[in-house]
Amino acid sequence: MNNLSSPSQQYLNLPNQFYSHVTPTPLIQPQLLHLNTATANLINFDHSDDTNKQVLDHLCGNTLPNHIQPIAMVYAGHQFGHYVPQLGDGRAMLLGGVAHEGKYWELQLKGAGPTPYSRNSDGRAVLRSSIREYLCSAAMHGLGIPTTHALSLVGSSQPVYRETVETAAVVMRVAPSFIRFGSFEYFFYRGQADAVRTLADHVIQHHYPELEQQTNKYPAFLQQVVISTAKLMAHWQAVGFAHGVMNTDNMSILGLTLDYGPFGFLDEYNPGYICNHTDQTGRYAFDQQPDIGAWNLTRLAQALTPLMSMEEAKTALAIYPAHFASHYINLMCAKLGVAADKSAVPVIMQLLHIMQANHIDYTLFMRQLAHFNSATDALNAPLRDLFIDRDAFELWAHQYRALLQAQHSIDSIRAEQMNRVNPKYILRNYLAENAIVAARDHDDTSEIDKLMTLLQSPYDEHPEFEAYAAMPPDWAKHISVSCSS
Ligand code: AMP
Ligand code: MG
């Protein structure tokens with residue numbers, strides 16, 4: 001790696017009970033399908049010569065600089081509510097870290113072959129799921145939502161066997177840390193309290209250094225994770241993102257969106273939306289996410305009990321609902337272009353209610369709401385006509401207008417503010433699907449390229465790509481995304 005030479009290793013400095021050394025398995029006929037130059041700049045990765053064979057080999061793990069010793073991180077986790085004592089990076093390999101402009105980033109290959117934690121799987125990732133992870137990391141970052149980043153997408157002719165034969169791909173992921181709630185659970189359930197402490201100290205030292213001097217640093221650390229998770233859940237709910245597999249092994253200790261699998265963005269506003277078709281009970285349905293966030297934090301708190309009293313753990317957890325609510329209300333008020341105030345809550349709730357009842361496209365409507373005219377009803381006909389129940393819209397519009405007037409809101413200023421928080425472009429499943437089909441079946445990465453442009457600046461107008469902001473086509477309703485990846 002052209003700049004992975006700095007000695008500022010973090011996770012790799014932990015004792016070896018936290019990982020296993022691994023070696024990437026070479027990929028047949030690797031091909032660089034895309035490189036995210038914004039991510040490259042974050043880590044000062046020299047991308048001026050992305051046709052260089054050595055760069056390509058490094059990006060998929062076919063060769064690595066001598067000093068790099070890849071490892072797979074060990075963790076456990078609650079999957080669909082059940083504790084699984086041994087998980088770990090089954091197909092991810094941590095290469096080490098780089099420091100750039102005062103920030104520290106760890107680099108991970110995903111899909112570079114089996115590890116001791118692969119549980120009889122191949123350690124590979126199919127091109128389809130790799131494209132989705134690559135695009136969605138950029139989309140979330142573009143939306144301003146905490147996430148891991150993706151540097152590169154390398155395709156290959158390597159066959160992988162899922163429901164059908166597909167080809168393998170490798171994504172290079174970048175994040176300050178890939179430590180999960182499940183990393184703590186692994187040691188807690190094995191009775192290794194010392195290791196829980198070592199890991200907590202590690203995370204505090206590198207990611208919450210301001211807590212180091214506190215007498216109660218462990219409860220304070222848990223509180224920080226509670227807050228960052230509450231914020232993340234608020235972001236997901238406000239933007240209409242469903243993760244799909246909120247197991248504790250997929251929960252970042254830094255409150256980042258992590259491990260993109262069968263995720264989905266809402267088309268029409270449907271709180272019960274289940275994006276993962278293997279989630280038969282809807283445990284991870286869209287509207288369950290805030291509660292699941294709390295449930296997962298409780299599992300983390302339990303794993304941290306060797307470091308704090310039960311009272312301290314409970315006190316830290318207790319702040320979650322208020323933090324979630326205040327972040328969510330702030331984000332929703334911004335989406336409606338109103339000042340964050342209790343009086344806005346019924347207006348938000350009523351809007352969500354009528355959107356659900358009328359099957360209104362969430363992203364499209366919120367973007368169009370910037371055009372709401374608070375003086376002349378007749379000018380709101382394009383918004384009203386989206387609703388089957390026009391009276392319901394009128395009634396709501398009346399409430400919204402009253403709120404705007406009470407806040408002395410000015411339409412033109414409000415419109416401009418709303419356009420900065422209501423995305424025009426989101427990664428709808430069908431858009432990802434089109435990019436996958438083009439790349440996989442026609443060797444055409446131009447759709448990936450277009451989507452990257454739109455998703456990296458989703459609040460801007462891109463007049464030449466108006467179609468990408470339209471209602472999803474009918475066939476999109478039948479796309480089903482499986483966990484198989
Ligand atoms: P995920 O749902 O992708 O977060 O995966 C759950 C667990 O299964 C993680 O420990 C993964 O590393 C592992 N895993 C998933 N797919 C594979 C695969 N193809 N090969 C090896 N391990 C895998
Ligand atoms: Mg995972």
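## Where α6 meets α9

Val 226, Ile 227, Thr 229, Ala 230, Lys 231, Met 233, Ala 234, His 235, Gln 237 and Ala 238 of helix α6 are in contact with Tyr 320, His 323, Phe 324, His 327, Tyr 328, Leu 331, Met 332 and Lys 335 of helix α9. Sorted by class, the residues of this contact are 11 nonpolar, 5 polar and 2 charged. Please keep in mind as you look around that this is a predicted model.

Helix α6 covers residues 217–239 and helix α9 covers residues 320–336; their axes come within 8 Å and cross at roughly 35°. The crossing of α6 past α9 is right-handed.

## Where α3 meets α15

Another helix pair to find is α3 (residues 127–143) with α15 (residues 429–442), whose axes come within 10 Å and cross at roughly 130°. The two helices are therefore oblique to each other. As α3 passes α15, the crossing is right-handed.

On the α3 side, the contact is made by Leu 127, Arg 128, Ile 131, Arg 132 and Leu 135. Helix α15 contributes Asn 429, Ala 432, Ala 435, Ile 436, Ala 439 and Arg 440. This contact has 7 nonpolar, 1 polar and 3 charged residues.

## A lysine in a strand

Now look for Lys 110, which belongs to strand β7 (residues 103–110). Is Lys 110 buried or exposed? Its relative accessibility is 11%, so Lys 110 counts as buried, the cut-off being under 20%.

Among the residues that Lys 110 contacts, leaving aside neighbours within four places in sequence, are Arg 91, Ala 92, Glu 133, Asp 259 and Tyr 260. Val 170 is also in contact with Lys 110; these two residues are 60 residues apart along the chain, yet their C-alpha atoms are separated by 5.5 Å.

## A phenylalanine in a loop

Finally, visit Phe 387, in the loop between α12 (381–384) and α13 (390–406). Phe 387 has a relative accessible area of 2%, so this residue is buried.

Which residues does Phe 387 touch, not counting those up to four places away in sequence? They are Ile 354, Met 355, Asn 358, Ile 360, Phe 365 and Phe 393.

Terms used. Residues numbered from 1 in each chain as written. Chains lettered and ligands numbered in written order. Predicted model: local features only at pLDDT ≥ 70, side-chain atom pairs only at ≥ 80, totals over all residues. Heavy atoms only, no water. Axes fitted to C-alpha atoms, helices over the stretch in contact; angles between N-to-C directions. Helix = DSSP H or I, 4+ residues; strand = E, 2+ residues; numbered from the N terminus. Parallel < 35°, antiparallel > 145°, perpendicular 65-115°, else oblique. Left-handed = near helix turned anticlockwise from the far one by under 90°. Contact = heavy atoms within 4.5 Å. Nonpolar A, V, L, I, M, F, W, Y, C, P; charged D, E, K, R; others polar. Buried < 20%, exposed > 50% of the residue type's maximum accessible area, 1.4 Å probe, protein only.
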